[in-house]
Amino acid sequence: MKGHILILTANILFGISMPIFKYLLTSNVPPEAITIMRASFACMMFWLVSFFMPKEKVLLKDLVILFVCALCGVGINQWLFVVGLKSSSPANASIIATTVPIFVLLLAAIILKETITTKKSFGVFMGVSGGLLLVFSSTHTANSTNSFRGDILIVINNLMYSVYLVLSKPLSLRYSSVTIMKWMFLFSTLTLAPFCFKYIQCVPTFHKETFNKTELYALLYLLFGATFLAFMFIPMALKHIRPTTVSMYNYVQPIIASVIAILIGQDIFSLQKLLSAVFVFTGVYLVTQDKKQKNKTEDKCQITNY
């Protein structure tokens, strides 16, 4: 239960961040600036927290895996997402997001030797159906602009995130979430800085003439809530549940986004939204009920050698 609560919370934080990302991007905040600020802020926070926790020595071979996870789960992942979201329509981005569990299911079968059961496959199908139903029921509120480049970037973004979920599962059993994240965000910051750091000076909020308090609050939420807290919860959740299950909670994000839109008057409640929510959570339930496969996979993860 603990793992499910953690990953649900992370996806709620991610879901809330979607309209905030769009707000900042339409306010002329460079996507590169958002990316490097998220990485560097989280890096500082995780290293600061690590000083107050028991020391963990990370093996050199695990640092190599952490570097790959950093590129897939933070560096390339966050950069492609923000850049892609700027040019892709919200509807297209939401549809593409439903590919994550499919990528994870296939990668887990290849890397972790996780069996693709009929129940698990049907659960993924239910989740995809719910996500698509939600998107198609809300297309009238979405930007009709369709950018092929943005769509491709988001597809690659979701593939990278899937690789991260699968590769980081064994690491989550070896080290604490803070240890994993402090190294991941350090590697990501060092990798992104040469390309993105210069864009920070282009953020309107950092100039007296164009200072906007709302933009500042939006940035603070992305840095602390949607980056530091959310990314800390992911490896904590992976200690208790499989990557496939973690990826299924990705479908919660469009549900959260729709609820927020309804509450602030940007959308209206409909039967399609209720039905999509039923599909999504039914899919999550089916994937998480395979107890026998869970134990088998976790046992294999615990004896994995690099």
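Let's start with a word we'll need: contact means heavy atoms within 4.5 Å. Helices, by the way, are DSSP runs of H or I with at least four residues, numbered from the N terminus.

A quick note on what we're looking at. This is a predicted model, where local features need pLDDT of at least 70, side-chain atom pairs count only at pLDDT 80 or more, and totals for chains, interfaces and linings use all residues. Residues are numbered from 1 along each chain as its sequence is written, and side-chain values use heavy atoms, with hydrogens and water left out.

Now, which residues of α1 and α3 meet? From α1 we have Met-18, Phe-21, Lys-22 and Leu-25, and they meet Phe-81, Val-82, Leu-85 and Lys-86 of α3. Sorted by class, that contact has six nonpolar, two charged and no polar residues (Ala, Val, Leu, Ile, Met, Phe, Trp, Tyr, Cys and Pro count as nonpolar, Asp, Glu, Lys and Arg as charged, and the others, Gly among them, as polar).

Next, have a look at Ser-162, which sits in helix α7, residues 148-174. Is Ser-162 buried or exposed? Its relative accessibility is 0%, so Ser-162 counts as buried (buried means under 20% relative accessible area, exposed over 50%, partly exposed in between, using a 1.4 Å probe and protein chains only). Beyond its neighbours within four places in sequence, Ser-162 contacts Val-100, Phe-103, Val-104 and Leu-107.

Finally, Phe-231 belongs to helix α9, residues 213-238. Phe-231 counts as buried because its relative accessibility is 3%. Not counting residues up to four places away in sequence, Phe-231 touches several residues, including Phe-14, Arg-38 and Gly-73. Gly-73 is 158 residues from Phe-231 along the chain, yet their C-alpha atoms are separated by 9.3 Å.

How values were computed: Helices (H or I, at least four residues) and strands (E, at least two) are DSSP runs, numbered from the N terminus.
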